[in-house]
Amino acid sequence: MKKRPSMNKRGLILFIGFSFLLFSLTYRFFVIQLTGQVEGKSLKVYAEEKYTKQRTLQASRGDIVDRTGEPLATDTITYKLVAILDPSVTPDNAKTPNHVVDPEKTAKELAKYIPMEESEIYKQLTKDLFQVEFGAAGKNLTNEVKSKIEALKLPGITFIRESKRAYPNGDFASHLLGFTNYQNNKNGGKTLVGQMGLEKSLDEYLQGKDGKITYKSDSWGYILPSAATKITEPRNGDTVYVTIDKKIQTFLEDAMNDVQTEYNPKNIMGIVADAKTGAILAMSQRPTFDPNTREGVENNWHNVIVENAYEPGSTMKVVTLASSIEEGVWNPNEAYQSGSFSVEGAPAIHDHNKVGWGPISYLEGIQRSSNVAVANLVKKMGTDTFRNYLDKFKFGQTTGIELPSEATGTIQYQWERDRYSTAYGQATSVTALQMIQAMTAITNEGKMMRPYLVEKIVDNNGKTVKGSNMGEVGTPISADTAKQVIDVLESTVTSDIGTGKGFRIDGYRVAGKTGTAQIYEKEKGYLTGWDNYLFSFIGFAPADNPELIVYVLVQQPNLDDESFESGSEPVSKIFNPVMKNSLQYLKIKPDESVEKAKVINVPDYSSKNTGEVVAELSSLGLVPVVLGDGANVQNIYPSAGAKLLNGERVIVVTDGQWKMPDIHNWSLSDVMKLVHATNMQFSFEGNGFVTSQNLDPDTVITKESNLQITLQPAVNNSWEETNQTDE
């Protein structure tokens with residue numbers, strides 16, 4: 001058959017096309033062979049890039065350790081579980097598979113070691129993906145768990161090594177230490193970055209510098225055994241030594257936990273500082289959180305000790321007292337009229353019991369925490385002079401502590417009344433660190449020390465790259481003034497009328513000042529009520545040679561109205577054990593000359609002779625109050641077995657007519673003993689010591705009698721209501 005012309009034509013076209021293609025390929029081959037380049041790029045370089053791999057060698061974040069070297073924050077190695085599902089990773093001639101071949105068996109075995117249901121694991125293993133992970137259940141695995149899973153030799157199961165920030169003590173100085181989170185870095189990886197506390201403020205020191213490893217691999221990515229490997233070692237982060245003492249911090253944490261459980265206050269703040277250097281030995285707050293899990297951080301993100309300013313209440317009287325002594329206007333024996341202080345064009349300033357105690361000495365005024373006393377002292381020295389001392393004590397300025405977002409507080413000095421209110425801790429706001437800083441001037445012979453947290457920062461070679469931030473920041477008062485202030489503050493604790501009586505510690509001389517600050521809320525003004533206050537105590541010990549300053553603040557604790565519990569009680573339940581345990585831990589010996597509180601167990605006196613019982617109670621150091629004229633005792637209150645302190649009253653009930661005793665200056669708790677003993681009707685106004693009674697002394701009383709009393713704040717319970725007039 002004859003070929004059609006069209007077929008010949010198509011054949012020719014195909015021949016020419018294939019000839020051109022062959023020529024092009026041949027030409028390209030010779031060009032590449034002769035030049036060694038492809039599109040201007042060397043084949044050697046191309047091969048180098050294709051088979052040369054680079055991996056990041058992650059640097060470890062630096063540790064944060066306490067002053068003894070105990071780790072507070074450290075990097076740990078954890079592992080993430082990964083399952084490879086794609087069969088393509090297993091070569092045809094491989095003896096063992098590199099992917100999951102039996103999802104059912106694998107799920108059953110993994111369920112023994114990770115917190116995930118077997119059925120959920122199976123769902124993951126049967127997905128149409130190259131590889132899968134297992135969420136939170138498959139993360140943060142320890143080396144022990146990893147080893148146990150590896151021992152099962154499950155095909156396709158592998159692990160990715162990860163670095164995790166760990167806080168071995170849990171919710172321990174959490175807001176101070178802070179925490180970290182992973183963030184993307186410029187190399188496409190992830191880096192731990194500080195988000196709060198020291199982790200944030202010292203991030204530049206704690207972060208290391210990643211290294212890298214460069215090697216040649218086969219087509220599967222495995223290192224060629226004969227290939228050269230280039231390694232740039234990572235530089236791990238620096239080690240930060242802080243001033244925190246783990247043992248003292250534990251004392252503080254435990255005491256705060258107890259008060260949190262018992263009183264459920266809105267906030268607690270606590271600081272322990274070295275009285276001579278300003279070093280912070282412990283610092284914590286409530287609510288708190290666990291930095292390992294972040295559980296609870298949503299309740300209180302801020303470090304309130306550093307970031308919040310507040311009206312301190314009567315603890316500010318320490319500064320007013322020190323200023324007046326330095327200015328030479330302080331005379332402890334000089335008398336003044338307590339109760340009220342007039343301010344031109346503004347409401348008068350009152351003492352916390354509204355009426356005062358008549359003419360009393362300035363020493364007694366400080367012991368009773370008289371607002372009028374310190375207002376008079378400011379008037380004596382001049383409000384401008386007092387303002388200068390506020391600057392000398394560096395209120396209204398940050399302390400420079402090594403933590404982020406430090407507040408300054410505000411010196412409110414525009415209005416005349418504010419100038420006097422500042423003297424007793426109202427109007428002007430401060431921070432807890434400013435109060436610690438001011439107190440170091442008292443405990444350190446007039447030299448005021450900056451509160452600081454970092455002792456030193458050391459690199460991997462042991463070289464100190466940053467030293468301590470310790471330093472003197474001023475001398476607002478003289479050494480002689482500081483000594484006089486200490487003597488007065490010690491008397492507020494040792495005196496029977498002192499507001500700090502509840503902060504006595506057996507064997508140690510304690511000095512300090514209580515505070516009961518009003519709480520201001522927008523649209524409500526200053527809150528009122530039994531427990532709507534910020535109760536505090538700032539004190540130091542031993543008074544003759546101060547070693548430690550402890551400052552405790554408890555906001556709005558749930559106080560027991562029935563037992564007339566005072567706001568100082570939850571504060572003392574933190575201050576007293578923390579101070580005593582810390583002094584003992586530091587091997588500061590007790591002073592044998594300090595009188596210890598004597599605890600007396602009340603015996604059973606039922607049916608015993610009244611005269612003998614009164615004599616025995618008096619010999620024990622108690623104060624008997626007899627109701628009736630009977631020869632024998634019917635009951636006593638408190639009842640037998642009660643534990644009382646020296647000087648407490650005991651109601652002795654006999655038969656015969658009961659006559660009302662003179663209860664002026666009785667504490668509220670003593671009045672309650674009388675009420676329980678007689679079962680009479682009872683009502684009261686105010687808080688603390690009795691100033692008036694409706695039933696005159698020697699009036700015959702029965703169960704039907706109705707006792708009505710008025711009280712002033714109980715000085716032995718540190719109740720110090722500040723003036724509630726809102727100007």
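Start by selecting Arg61, Asp75, Arg165, Glu199 and Asp203, which are linked in a network of salt bridges. The model is a predicted one. Across it, the count of salt bridges comes to 27.

**Asp245 and Arg67**

Next, select Asp245 together with Arg67. These two form a salt bridge, and their closest N and O atoms are 2.9 Å apart. Asp245 sits in the loop between β12 (239-242) and α9 (246-263), while Arg67 sits in the loop between β4 (64-65) and β5 (71-84), so the contact ties together parts that are 178 residues apart in sequence. Show the surface and compare the two partners. Asp245 is buried, at a relative accessible area of 2%. Arg67, with 37%, is partly exposed.

**Glu262 and Lys573**

Move on to Glu262 and Lys573, whose side chains meet in a salt bridge with an N to O distance of 3.0 Å. Glu262 belongs to helix α9 and Lys573 to helix α18 (residues 568-585), so this pair ties together parts 311 residues apart in sequence. How accessible is Glu262? Its relative accessibility is 46%, and Glu262 therefore counts as partly exposed. Lys573 is partly exposed too, with a relative accessible area of 34%.

**Arg509 and Asp544**

Now select Arg509 and Asp544. They form a salt bridge in which the closest N and O atoms are 4.0 Å apart. Here the pair links distant parts of the chain, 35 residues apart: Arg509 is in the loop between α17 (479-494) and β23 (511-518), and Asp544 is in the loop between β26 (533-541) and β27 (548-555). Is Asp544 buried or exposed? Asp544 is exposed, with a relative accessible area of 51%, because the cut-off for exposed is over 50%. Arg509 counts as partly exposed at 28% relative accessibility.

**A nonpolar patch**

For the last stop, leave the charged pairs and select Leu14, Phe18, Leu21 and Leu25. Together they form a nonpolar patch on the surface, with about 440 Å² of accessible area. Leu21 is partly exposed, and its relative accessible area is 45%.

Definitions and conventions: Residues are numbered from 1 along each chain as its sequence is written. This is a predicted model: local features need pLDDT of at least 70, side-chain atom pairs count only at pLDDT 80 or more; totals for chains, interfaces and linings use all residues. Side-chain values use heavy atoms; hydrogens and water are left out. Helices (H or I, at least four residues) and strands (E, at least two) are DSSP runs, numbered from the N terminus. Buried means under 20% relative accessible area, exposed over 50%, partly exposed in between (1.4 Å probe, protein chains only). Patches are made of residues with over 30% relative accessible area and no salt bridge: like charges are joined within 9 Å, nonpolar side chains (Val, Leu, Ile, Met, Phe, Trp, Tyr) within 5 Å. Accessible areas come from the Shrake-Rupley method with a 1.4 Å probe; for residues, only the protein chains shown count as cover.
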